[in-house]
Amino acid sequence: MQVTYYGHSCFGVEVGGKHLLFDPFIRPNPLAAEIRVEDIKADFILLSHAHVDHTADALEIAKRTGAVIIGIWEIHSWAERNGVKNSHPMNIGGSFTFSFGTVKMTSAVHSSSFADGSYGGSPAGFYIETAEGNFYYAGDTALHNDMKLLGKYANIDFAFLPIGSNFTMGVDDALVAAKFIKCDQIIGMHFDTFGYIKINKSEAIAKFKERDRNLILMEIGETIEVTQ
Ligand code: NI
Ligand code: MN
């Protein structure tokens, strides 16, 4: 599985010949100025919640590529209202098998509204099972107890967890989350983009190492191969 980082919480994941794109926030992100939004491939765009730092470029990319937007009911309605032809509504706890694998929408503890203040539904995360391995994309969230359910019933090879604190959990809680979900390969997200969420990266990596876990902090534009 190939993972490409586009800054903030936006990742491309290539699996089963399909291009998944999570929470695109590229054009408004000065740190991602090198990324060409018009070149990003997408067959599916998964949106964890409605906040603009997760949805800014979603409509444009969906319209250009014809990608299916996957999100909670209120995000699906927003996509339809805004002229996206293909969107797939889900809700917390539900699973659906797409061409690349099975997506389960998981809970997240956060808020969710669109840029105009309208209701965005509940914030969510995704647990995804594929033939090439399974992963968890936590979305914006606090550390929460439901993560223990993933540790018990899911089989996670790697996970995207927010680590920037202030708006989401920080590094210390992400370490506890890694323990809850029984996963030792964590890709950090939601850090450094804004002043409130600047972190000390080498300290964060060292904290994970001390507990025999791997914290991967990708460079924007970097692609890595993640194995089971
Ligand atoms: Ni948010
Ligand atoms: Mn956010």
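Trainee: Which residue is the bridge partner of phenylalanine 22 in β4?
Mentor: A word on the ground rules comes first: this is a predicted model, where local features need pLDDT of at least 70, side-chain atom pairs count only at pLDDT 80 or more, and totals for chains, interfaces and linings use all residues. Residues are numbered from 1 along each chain as its sequence is written, chains are lettered from A and ligands numbered from 1 in the order in which they are written, and side-chain values use heavy atoms, with hydrogens and water left out. Strands β3 (residues 18-22) and β4 (residues 44-46) run parallel, joined by 3 bridges. In β4, phenylalanine 22 has as its bridge partner leucine 46.

Trainee: What is the order of the strands in the open sheet that has β6 and β14 as edge strands?
Mentor: Strands are DSSP runs of E with at least two residues, helices are runs of H or I with at least four, and both are numbered from the N terminus. Two strands pair if DSSP finds at least two bridges between them. At the edges, β6 (87-90) and β14 (223-225) each pair on one side only. The sheet has 7 strands with mixed pairing, in the order β6-β5-β4-β3-β2-β1-β14.

Trainee: At about what angle to β4 does helix α2 run?
Mentor: Axes are lines fitted to C-alpha atoms, for helices over the stretch in contact (heavy atoms within 4.5 Å), and angles run from 0 to 180 degrees between N-to-C directions. Helix α2 (residues 58-65) lies across β3, β4 and β5 (68-72). Its angle to β4 is about 165 degrees.

Trainee: Which protein residues are donors of the nickel ion (ligand 1)?
Mentor: Donors are N, O and S atoms within 2.8 Å of the metal (3.2 Å for Na, K and Ca), and water is not among the atoms, so sites may look incomplete. Along the sequence, the donor residues are spaced H-x1-H-x58-H-x29-D. Lying 2.2 to 2.3 Å from the nickel ion (ligand 1), they are His49 (NE2), His51 (ND1), His110 (NE2) and Asp140 (OD).

Trainee: Why is the arrangement around the nickel ion (ligand 1) classed as it is?
Mentor: Four donors count as tetrahedral if all angles lie between 85 and 135 degrees; four count as square planar and six as octahedral if opposite donors are over 155 degrees apart and all others between 65 and 115; anything else is irregular. The 4 donor atoms here subtend angles of 87 to 178 degrees, which makes the arrangement irregular.

Trainee: Which residue bridges the nickel ion (ligand 1) and the manganese ion (ligand 2)?
Mentor: The manganese ion (ligand 2) has Asp53 (OD), His54 (NE2), Asp140 (OD) and His190 (NE2) as its protein donors, 2.1 to 2.2 Å away. Their spacing along the chain is D-H-x85-D-x49-H. Aspartate 53 in helix α1 and aspartate 140 in the loop between β10 and α4 are 87 residues apart. The two ions lie 3.1 Å apart, bridged by aspartate 140.

Trainee: Is aspartate 140 buried or exposed?
Mentor: Buried means under 20% relative accessible area, exposed over 50%, and partly exposed in between (1.4 Å probe, protein chains only). Aspartate 53 has a relative accessible area of 11% and is buried. For aspartate 140 the value is 2%, so the word is buried.

Trainee: In β9, which residue is the bridge partner of methionine 105?
Mentor: Strand β8 (residues 101-107) is mostly covered, with 5 of its 7 residues buried. On one pairing, β7 (residues 95-98) runs antiparallel to β8 over 4 bridges, and the two form a hairpin with 2 residues between them. β8 also pairs with β9 (residues 124-130) in the antiparallel sense over 6 bridges. There, methionine 105 is partnered by phenylalanine 126.

Trainee: What radius of gyration does the chain have?
Mentor: The chain comes to 6 helices and 14 strands. The radius of gyration is taken over C-alpha atoms, and the globule rule is 2.2 Å times the number of residues to the power 0.38. That rule gives 17 Å for 228 residues, and the chain comes close to it, so it is as compact as a globular protein of that length, with a radius of gyration of 16 Å.
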